[in-house]
Amino acid sequence: MSTLTDKLFKRTKDEWKELLINNAIIIVIFAIIAVVVIREPSFVSVAVFRNILTQSSVRLILAFGVAGIIILQGTDLSLGRFVGFASVLSASLLQRPDYPSRFYPEMAQLPLFVPLLVAIAGCVLFSAINGWVVAKFKIHPFLATMGMMITLYGILSIYFASGAPGPQPIGGHDERYVQLVNGQTLGVPNLVIFATIVSVIIWVIWNKTTFGKNMYAVGGNPEAANVSGVNVMKTTILVYVLAGVLYGIGGYLEAARIGSANNGTGFGYELDAIAACVVGGISFSGGVGKVSGAITGVLMFTIISYGMTFIGLDQYYQYIIKGILIVVAVSLDTKKYLKKV
Amino acid sequence: MQEEYLLKIKDVNKSFSGVQVLKNVCLNVRPGTVHSLMGENGAGKSTLMKCLFGIYRQDSGQFFLGGEEFNFQDPKHALENGVSMVHQELNQVVQRTIIDNIWLGRYPVKKVFVDEKKMYKDTKALFDRLDIHLDPRTRLDKLSVSQRQMVEIAKAVSYDAKIIVLDEPTSSLTDHEVKMLFDIIARLKKEGVGIVYISHKMEEIFEISDEVTVLRDGTYIGTENIKDLTMEKIVNMMVGRDLEDRFPEKTNVPGDVHMEVKNLSTKYKPLVKDVSFELRKGEILGVAGLVGAGRTEMVEALFGARTKTSGEIFIDGKKIDNGDPHKAINNRFALLTEERRETGIYPVADITFNSTIANVQAYKNKAGFLTDHKMKEDTDQQIKNMRIKTPGRKEQIRALSGGNQQKVIIGRWLLTNPDILLLDEPTRGIDVGAKFEIYQLIIDLANSGKSVIMVSSEMPELLGVTNRIMVMSNGYVSGIVNTEETTQTEIFNLAAKYLNNTKEAEV
């Protein structure tokens, strides 16, 4: 018992400082939550909890995609456009038969999984190109994915404009699709169930498969991975492929969640996802990051946004707080991994 | 018929951006023997091994393994065909555990999942066999450099390879660990494994080698049975001349105490612990020690580039404050960093920029702008004084040879007119001829009254150039010896003095 208390409380000044710095971001976030709860005690309720989980679900699935790329010391600026791409593809293929301005007026009702597969296939194709460019030409992922962000917006917009009614938001979703995404099972929102399933699968992939372990190795030290016989190029491309799969799923869910899709859907989502990863300890220096980290990061961000809106804080102030939070999180993270001299 | 040689390397050539680093190099390794590959830094040993292992592609030349020609496309290919390697630069994923590192590239899989239990069991068995006492689940960044090196050796052994290349495997091992490694090597020999052993430590070479092949400046010099060799003969083959001729005459005469350092300690690892010493005017003080002994950290702390927890510096009896490099420069200190390419040169900038950048303040005119002509003058002067081989000062520094780059950087610091020069591995990666010139330069500087601290991993260089040698071990000063009176053995023993225990524990 005494050893436990020793461990918990008997620290030198430096150790306390270290502990404080390592957990600073969590402390700040709890402070914000505390302010919210004091101002508005009704924040602590089942309904709010449910909403936060539901709102976090798609974000989490997307964050897992970019998290793998961040573990490879990369980043993905094109995430938002992938979401838009998958959303528009899914929505255009899943409109009500009786909806007046259908994207494909003559198309029969498709099984729900077909548009999902189409969205995933499209995202995998372009994300694999990202991975290939990064691995083959050693282009910094910031630039490679920035190129993809712009290119994909063009492709997505052309497709968006090519529908029968012309370029207008694709609404009137198939009832089954809406039900699948926004419904609930045994009182649990389906979105939360999907996010949970994805989390479990990602955890298994990251921790229990050769691919996952290779991902950490390539991210931590590509040279070491190479001389140990890991195919660095293949691993890199596969990480982007996995990201593509997750973007496809995320976009498919997002279209139904917000009820319509257009070529602007998903704009800026990459920044939320990257910020959540970083706050969750998935380090830009590579080789480090956990599933629990991504979950923490996404939940924290959603709680803060929701909480600040809940107490009626002006949205512009929210931007300021979130922006500062990101920089603080990153600088604390960097401090952890910086070589101390 | 049994092949005489397990591994045959024939006439390998390799150039990097026009510079030929391997010229018709050969190497033949018999099964069940240790074949040492020797040569100075930059002789091409590691390059040759990297060609063998599929990291580099040779321009021409052949490799035969058990009589069959092969050409590995990548390290994976080499590993699968029975060649494994301990890399000099410790290529490891430090964020991951020992298990993850050892089985990286060949994780055992059960259905689709990595078999953690098997990996743990196999690692345990491997460590038991090699007498390594580490928890396989430890993250590598929690280990010391020597422990990491042992993990890397265990990994190389675990491939059950026919050929194992050990590229400076003992650079930071303790005596005990070196003994363990040699036991492992003896066992591997019995199993018929061929071992290529690269090391700078002569004692090791004589202890474990069967044959020695020497390279010099990328050329094959010869292969001899160890029985026919002496230390002098090897050095001769490596250097191409006798040891005495490698160093200029030491003409400097140390004067009064110029700098006094008291109880210098640093905050972050690798630690410098309670270092005190004196430096005389016009003296060259060598600093010896193993990798990780804190030598670089010590000079960085002196220069104000590392966080100190204690320590006082006195110049001519007056206390000074080197809180940061800027203050150190004002106190007329200069630091030549160890990693020239990483922290010394601005590769794409020209020689003028590289020589004047540390002293840019001095070139401001009244309006505060920089005056080009003065910079050009000084640069031309440096090129002449230091005999820098270059078409002119407008050349990008990366186009110069290592030795000439080093001269530019030494020149850069001389322009700041320092009194105390801190030189960290000043001849690393420089060819033999250029080394001589750098030595001459260092001695000339000492002669002109400057005090020099020279950190080096090359024993002959320390013995050949310095007046006294301070030996560091695990962050402590384990002894300061007179160069004239010491021996390599004494220095090695001092360097290992505190490896396994702290100074406090010994008292």
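This is a predicted model: local features need pLDDT of at least 70, side-chain atom pairs count only at pLDDT 80 or more; totals for chains, interfaces and linings use all residues.
1. **Overall form of chain B.** Chain B holds 18 helices and 22 strands. Its radius of gyration is 24 Å, close to the 23 Å that the globule rule gives for 507 residues, so chain B is as compact as a globular protein of that length. The C-alpha trace of chain B spans about 80 × 55 × 50 Å along its principal axes.

2. **Burial and contact range in chain B.** Of the 507 residues in chain B, 44% count as buried. Take the contacts in chain B between residues at least 6 apart in sequence: 68% of them join residues at least 24 apart.

3. **Strand pairing around β13(B).** Strand β13 of chain B covers residues 257-266 and pairs with strand β14 of chain B, residues 275-280. The sense is antiparallel, over 5 bridges. Within this pairing, V261(B) has F277(B) in β14(B) as its bridge partner. β13(B) also pairs with strand β16 of chain B, residues 308-315. That pairing is antiparallel too, over 6 bridges. Here M259(B) stands opposite I315(B) in β16(B).

4. **The contact between chains A and B.** Chain B brings 25 residues to the contact, and chain A brings 21 residues. On the side of chain B that touches chain A, α2 (75-80) and β8 (113-114) of chain B each supply at least two residues. The largest share of that side comes from α2(B), with 3 residues. What classes of residue make up the side of chain B that touches chain A? There are 13 nonpolar, 6 polar and 6 charged residues.

5. **The largest nonpolar core.** This core has 151 residues. The members that touch the most other members are L62(A), A63(A), V66(A), C277(A) and A294(A). Helix α12 of chain A, residues 232-258, gives the most to this core, with 12 residues.

6. **L62(A) and its contacts.** Which residues does L62(A) touch, not counting those up to four places away in sequence? They are L79(A), V83(A), L246(A), Y247(A), G250(A), Y269(A) and A273(A).

Methods. Residues are numbered from 1 along each chain as its sequence is written. Chains are lettered from A and ligands numbered from 1 in the order in which they are written. A nonpolar core is a set of buried Ala, Val, Leu, Ile, Met, Phe, Trp, Tyr and Cys residues joined through C-beta atoms within 7 Å. A residue is buried if 20 or more other C-beta atoms lie within 10 Å of its own, exposed if 12 or fewer, and partly exposed in between; C-beta atoms are placed from the backbone. Helices (H or I, at least four residues) and strands (E, at least two) are DSSP runs, numbered from the N terminus. Two residues are in contact if their C-beta atoms, placed from the backbone, lie within 7 Å. Ala, Val, Leu, Ile, Met, Phe, Trp, Tyr, Cys and Pro count as nonpolar, Asp, Glu, Lys and Arg as charged, and the others, Gly among them, as polar. Two strands pair if DSSP finds at least two bridges between them. The radius of gyration is taken over C-alpha atoms; the globule rule is 2.2 Å times the number of residues to the power 0.38.
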